[in-house]
Amino acid sequence: MNFSELLKQFESQKQQQSADGMELLMLTKKLYISNEISLQNYKELVREINLSYGHAIPSL
């Protein structure tokens with residue numbers, strides 16, 4: 001899963017655009033915990049979220 005797919009999945013689940021990185025991080029964690037994405041994919045998505053929202057977001 002890439003960052004744009006994550007955004008699309010968030011928008012389809014919440015019926016709105018992401019307001020901040022924390023919402024995307026929560027979805028990313030849920031996907032990782034439910035084994036829908038790998039650890040490597042999780043790390044890549046967290047890095048993309050950090051870059052997109054311009055500040056460090058704590059992971060796991």
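Helices here are DSSP runs of H or I with at least four residues, strands are E runs of at least two, and both are numbered from the N terminus. By that rule, the protein chain has three helices and zero strands, and it reads α-α-α along the sequence. This is a predicted model, where local features need pLDDT of at least 70 and side-chain atom pairs count only at pLDDT 80 or more, while totals for chains, interfaces and linings use all residues. Residues are numbered from 1 along each chain as its sequence is written, and side-chain values use heavy atoms, with hydrogens and water left out.

**The chain as a whole**

- Buried residues (under 20% relative accessible area, with exposed meaning over 50% and partly exposed in between, using a 1.4 Å probe and protein chains only) make up 28% of the 60 residues in the chain.
- The chain exposes about 4000 Å², and carbon and sulfur atoms supply 50% of that; accessible areas come from the Shrake-Rupley method with a 1.4 Å probe, and for residues only the protein chains shown count as cover.
- Take the contacts (heavy atoms within 4.5 Å) between residues at least 6 apart in sequence: 44% of them join residues at least 24 apart.

**Helix α1**

- α1 has twelve residues and reaches 16 Å from its first C-alpha to its last, close to the 16 Å expected at 1.5 Å a residue; the expected span is 1.5 Å times one less than the number of residues.
- Its buried residues are Phe-3, Leu-6 and Phe-10. Seen down the axis of α1, they fall within an arc of 55°, so they line one face of the helix; the arc is that of the directions from the helix axis to the C-beta atoms.
- What covers the buried residues of α1 includes α2 and α3.

**Helix α2**

- Gly-21, Leu-24, Leu-25, Leu-27, Thr-28 and Leu-31 are the buried ones in α2. They cover an arc of only 165° around the axis, which puts them on the same side of α2.
- Turn to the face away from that buried side, and you'll find the exposed residues Lys-30 and Ile-33.
- α1 and α3 are what the buried residues of α2 pack against.
- Lys-29 also sits in α2 and is partly exposed, with a relative accessible area of 22%.

**Helix α3**

- α3 covers residues 39-53, and its 15 residues should span 21 Å at 1.5 Å a residue; the end C-alpha atoms are 21 Å apart, which agrees.
- Asn-41, Tyr-42, Leu-45, Val-46 and Ile-49 are buried in α3. Their arc around the axis is only 135°, which puts them on the same side of α3.
- These buried residues pack against α1 (3-14) and α2 (21-33).

**Core and aromatic pair**

- The largest nonpolar core has twelve residues, including Phe-3, Leu-24, Ile-37 and Ile-49; such a core is a set of buried Ala, Val, Leu, Ile, Met, Phe, Trp, Tyr and Cys residues joined through side-chain atoms within 4.5 Å. Each of α1, α2 and α3 supplies at least two residues of this core.
- There's one aromatic pair in the structure. Tyr-32 and Tyr-42 form it, tilted, at 5.3 Å centre to centre with 35° between the planes. Rings of Phe, Tyr and Trp (its six-membered ring) pair if their centres lie within 6.5 Å, and planes under 30 degrees apart count as stacked, over 60 as edge-to-face and the rest as tilted.
- Tyr-32 is partly exposed at 25% relative accessible area, whereas Tyr-42 is buried at 3%.

**Loops and helix ends**

- Gln-15 follows α1 and has a positive phi, near 60°.
- Gln-16 lies in the loop between α1 and α2 and touches Phe-10, Glu-11 and Glu-23, not counting residues up to four places away in sequence.
- Asn-35, in the loop between α2 and α3, is exposed, with a relative accessible area of 68%. Its phi is near 60°, a positive value in a residue other than glycine.
- After α3 comes Gly-54, with a positive phi near 70°.
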